[in-house]
Amino acid sequence: MNISDVTDEAPGVRTFRLNFQNEDEGKNFKFQAGQFALYSAFGYGESTFCIASSPTRKDYVECTFRQAGRVTNALSELNAGDTIGFRGPYGNVFPIEEWEGKNLVFVAGGIALPPLRSVIWNCLDLRDKYKNITIVYGAKTVADLVYKNELKEWTARDDVNLVTTVDPGGETPDWTGKVGFVPTVVEETAPDSKDTIAIVCGPPIMIKFTLPVLEKLGFKQDKVYTTLENRMKCGLGKCGRCNIGCTYICKEGPVFTAEEISKMPDEF
Amino acid sequence: MEKTLKKEKFNSLITGLKDKGYKTIAPKKDNNLITLCEIQEADEIHFDHVQTNNSIKEYFLPKTEKILSYTIEKTKVSIEEPEGFAVKSVVFGSRPCDAASLPIMDKVFNWDCTDKFWIERREAITIVTIACDKCDSYCFCTSVGLAPDAKQGSDVLLTKISDDEYLVETETEKGEGLIKELETVFSEPPSGTPDRQVATVEKKFEIDKVKPWLDENFVHKIWAEFSTKCIGCGACTFVCPTCHCFDIVDECTMSKGDRVKNWDGCQFKMFTLHTSGHNPRSTQDQRWRQRIMHKFKYYVEKFDNILCVGCGRCSRVCPADMNISEMLEIISTDEGQPEPVSKE
């Protein structure tokens, strides 16, 4: 793939917009929100990131990643015009057809907004299929919020209720959003659980404290979705690395309901 | 099809295989190690052993192999896929346990996406198995639904019927084809009932009791007890015919390189380590539990097969003298089972 655009989202976090070098491959490429791919920095290896753009936007594919190890550091050295490898899409999908006619609450923390961005835009691009859409998004500090321009877009829309928050101590003098940890802000926002689907993604600690809040608000476990991650290599069910108990995250995930997760052994 | 093969015909067999373009892999003695490796002459073959040090696995899933190559020129990358990796071969002298590992592994390598590196090698290699006429205390094939003369995975099964003669039974069309190709080497089937010399392998545990216990005991202090000695060396994984976890890495210079698939193992600490530093299996007892669970529960649930053939290599090779069949015996018996810890 060609990197056609690079955006620095936050310290150490970057988005690539990618176009297929082979136009026919690009025309034939299809994916659904929730799926992931493996991106190559040739010479360094591959990393797994969800596809962060929506399937409704067909001309490109986007991924967002944080510089953390060998491959992501190598990827962050690349610029527009460079080539990276891409293989996918892999994994299962958010069942957005089943959500039609319902309210949606998206809850994300920090670098975990990218896995939800695909499904958020997918639903916003099909806006009249869904009722109320609420997004609760928080990060450690204002600088750590990703997709800053899109957050502005979502704030400006009157068919989306966006609540942003930063951790206590992470606010700047001109910050107008909330201050508080994401689970606390979800509790304050108190979305109505009737006919509502909750989609949550964040660091393990955030998920651990958000799920009980949602339960308190009346969300049943099979109405709460998340996307898991684990160390991956092949991405297609052969190398035996990504399983949690019997479940291969690359084949039977990464999208799961809270009910499915409650049945998994405590190994993630 | 039934035939017999005399030991004196081994020379003609090996020469015949060479003439027909087959590479021959057979057990060969090298100092004290008996290894399955490529041979050129019949006198290199050694059949007076219980088990080879290595398993048949490396001929289907090599220790390391290139899965693609690339060249980088400024911003352009071109990719090349490897060819010719599946070499027409015969394994002459596999054991039934090793042969049985192949249809078991076929399931994961054909699960949804197919692995061409595995499949093309399966097509190119013919398995001639020798039934076991002796075993040792580490063998436990009969505890996992197999036998010293099991047919699963074999194209041809040889069974010793006298000091210098083997009964030859073809199990597949491929096996029949091989016998027909080398017709002159084989003799007519024996008259009467041949005296099959097959070892008696004592059953060590009831396999039907293992999975039910594993279903209930993900949390149990026995995992720490079993794995106290484990040093995480991974030898068990490497010699096991059914362990198949692998790593994918890039090896390169500035302008060209290869993407390589290498053997890996769940017993290593780095296997599940995230870049963030988080490790879902950070202690050896969690890693040891994964080994047992994968083989005797997860693979059964996914593919309806136990991921173990009872060859005993893992226990023979363990530097800490851990023994998997002893552990399975403890799990499967009610007597002497430690109290489970309360589940958190």
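These legends describe close-up views of a predicted model. Local features need pLDDT of at least 70 and side-chain atom pairs count only at pLDDT 80 or more, while totals for chains, interfaces and linings use all residues. Residues are numbered from 1 along each chain as its sequence is written, and chains are lettered from A in the order in which they are written.

**View 1. Chain B meets chain A.** Here 33 residues of chain B are in contact with 27 residues of chain A (contact: C-beta atoms, placed from the backbone, within 7 Å). On the chain B side, β10(B) gives the most, with six residues. Helices (H or I, at least four residues) and strands (E, at least two) are DSSP runs, numbered from the N terminus. The chain B side has 18 nonpolar, seven polar and eight charged residues. Ala, Val, Leu, Ile, Met, Phe, Trp, Tyr, Cys and Pro count as nonpolar, Asp, Glu, Lys and Arg as charged, and the others, Gly among them, as polar.

**View 2. Two domains of chain B.** Domain 1 covers 2-71 + 84-185 and domain 2 covers 207-332 (bounds from an automatic or database domain assignment). Their C-alpha centres lie 25 Å apart. The contact takes 31 residues from domain 1 and 28 residues from domain 2.

**View 3. Helices α5 and α6 of chain A.** α5(A) spans residues 182-189, and α6(A) spans residues 204-216. They pack at an angle of about 20°, with axes 8 Å apart. Axes are lines fitted to C-alpha atoms, for helices over the stretch in contact, and angles run from 0 to 180 degrees between N-to-C directions. The two helices are therefore roughly parallel (angles under 35 degrees). In the contact, A:V182, A:P183, A:V186 and A:E187 of α5(A) meet A:M206, A:F209, A:T210 and A:V213 of α6(A).

How values were computed. Contact = placed C-beta atoms within 7 Å. Parallel < 35°, antiparallel > 145°, perpendicular 65-115°, else oblique.
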